[in-house]
Amino acid sequence: MKELPELLAFLRRRIAGDYDVDEFGYDAELTDTVLLELLRPIYRHWFRVETSGLEHLPADGALIVANHAGTLPFDGLMLQVAVHDEAHRPVRLLAADLVYRLPVLGHLSRKTGHTLACREDADRLLRKGELVGVFPEGFKGVGKPYSQRYRLQRFGRGGFVASAMRAGVPIVPCAIVGAEEIYPKIGDFPLLARALGLPYLPVTPFFPWLGPLGLIPLPSKWLIEFGEPIKTTPGDADDPMTVFNITDQIRETIQHQLDALRDRRGPAFG
Amino acid sequence: MTGTQTVLVTGVGRHVGARVAAVLAADPGIRVIGVDTVPPTSPERVGRAGRDGGAQLQFAQVDLRSPDITRVIAARDIDTVVHMSLLSGPARSRSAMKEHNVIGTLQLLAACQRSDTVRRVVVRSTTAVYGSSPLDPAVFTEASEPAEPPSSGYGKDAVEVEGFVRGFARRRPDVAVTTLRFANLMGPGVDSPLTRYFTQPVLPTVFGFDPRLQFVHEDDAVEALRRAATEDHPGTFNAAGAGVLLLSQCVRRAGRPTLPVPGPAFRLLGELARGLDRLDFSPEQVALMSYGRAVDSSLLFAELGWTFGYDTASAYADFLRARGLTENLPLAVFDTVAGLVR
């Protein structure tokens, strides 16, 4: 932990409101000092995340495209710790609108640097040279049943590829192994989920049977790997066929990465 | 400059309108006709206008909703119209406010369309036209389509007004039409629902939400309007101070206690407060207090070749200073305790 004077200065800034947030609401100081600090023990000791391929992250703007799994989006949080602590940069994730409808979650998401997955925000962040992360499978990926683990779902409409093209930044494929096992989803309450306005309400071996205890993620072993960047050309954004082809290419690359990484890891709870 | 320019300024009965009229009248080449339903309220400001501009500033009591405005424009050889009489606050009633904003603009633009002398029209609009919802991009540009356009109140009036202004610009392509979408005004003399909110002893907030807010300092707003009134800058432009402040930052900088209340209760509280004629927590205000809003003003700065002197944070700081809201009790307590620890 910090030295006392440093801590006091930090607290004083927080009480006085004397800190900056960017136009997306990103509060870098709060994220680094408090929020990521809470996630680090989970990253290091619970999931024992190992990150590789950091050399593939370029020095300026890029779009990280990753697989999505785990019922609750822990993979986004772990990706954030990985990029922040190992590449020493913030990663700006694009999140579903559901996040911004909900109290608490919405403003925490903005304060940690994330924003709504929409064309304007993606373009703006990439133009500013930020590292932007996206999970194109969306709810189809994060909410898929355990039986379909490590099988990539459909990749939206390729909007993220077009954004990277418009900004002329490379796309970095990223495979995350381990999130699939944290809440093995073996069932769903579709009616109740719809009544609550949620995309799904999962049944796992422990939830809802153990109540809040069932919300503790299982301590699977995680690997995160960044693959070789795929270059883009601005003019291609207006050519749907090129956008589709590159989207497919990225999807296949990540699927191959996932398969290889899963072999390397061995048993999930080993 | 060629000869004398005659500018009609609407909404001079209120603070920013009066300031724009005064600053224009201070230019020896400009004659200003100020109109409003009520004469300028602040005698100090009229006096100053008189001293700076002398006979260059004349006031005419005109209700924009009446055809009188046509006669004013025809009789005085108006060449520039600066329309800033849009009411944001709760007027006597919502229907009176809507009539003032919408019908008033219709009448004014109808008169401008008939006029052979009007060459330039400047409209003060608001970033409220973008609404505020969780589906919106973080930063609006002028080209952004809001996910949920405002369905009531000031924002909706402004959307309708902008629609009339676009129609007018289409029908009179020879007239340079500028629409400025201002963020919430801040400054020593500004009296708006938001400035009244920040001067409350306890600030109710929507539980679980921390909106991004943007302010524009009144000095910058006046200067932007002055430039738009004296040079041709056709188009629609966002006008907000750079950067954002979170509501939580605003209240901490003011050293105010907050009272987080769940969304529905916040609306109810707003209804009660409106009864007391203190605050305005209309549905669009509640949406702003939940989801916030930010805009990109770089188009305006590029067009004017000039940037605001205040960003969002310094505009807010100037407002706090002018209102004497500098006593920060939580900070004082902290400093005392920290002094003991050290």
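Helices (H or I, at least four residues) and strands (E, at least two) are DSSP runs, numbered from the N terminus. Keep that in mind for every element label below.

This is a predicted model, in which local features need pLDDT of at least 70 and side-chain atom pairs count only at pLDDT 80 or more, while totals for chains, interfaces and linings use all residues. Residues are numbered from 1 along each chain as its sequence is written, chains are lettered from A and ligands numbered from 1 in the order in which they are written, and side-chain values use heavy atoms, with hydrogens and water left out.

**Stop 1: helix α3 of chain B**

Select residues 68-75 of chain B, helix α3. Color Ile69(B), Val72(B) and Ile73(B): these are its buried residues (buried is under 20% relative accessible area, exposed over 50%, partly exposed in between, with a 1.4 Å probe and protein chains only). They sit on the same side of α3(B), because they cover an arc of only 95° around the axis (taken from the directions from the helix axis to the C-beta atoms). Turn to the other side of α3(B): Arg71(B), Ala74(B) and Ala75(B) are exposed there.

Now show what covers the buried residues. The cover includes β1 (5-10), β2 (30-36), β4 (80-83) and α4 (94-114) of chain B. Then step just past α3(B) to Asp77(B), which takes a positive phi of about 55°.

**Stop 2: where chain B meets chain A**

Show both chains. In contact (heavy atoms within 4.5 Å) are 28 residues of chain B and 31 residues of chain A. The two chains bury about 2,600 Å² between them, 61% of it on carbon and sulfur atoms. Buried area here is the accessible area (1.4 Å probe) that two parts lose on being put together, summed over both. Select Pro134(B), Arg252(B) and Phe334(B): in chain B they lose the most area to chain A, together 20% of what that side buries.

Next, the charged pairs. There are 3 salt bridges between chain B and chain A (a side-chain nitrogen of Lys or Arg within 4 Å of a carboxyl oxygen of Asp or Glu). Zoom in on Arg12(A) and Asp335(B), a salt-bridged pair whose closest N and O atoms are 2.8 Å apart.

Which helix gives the most to the side of chain B that touches chain A? Select α13(B), with 6 residues. Both α8 (247-254) and α13 (329-341) of chain B supply at least two residues each.

**Stop 3: Gln255(A)**

Finish in helix α10 (residues 240-265) of chain A, where Gln255(A) lies. Its neighbors in contact are Tyr150(A), Arg151(A) and Leu152(A), not counting residues up to four places away in sequence.
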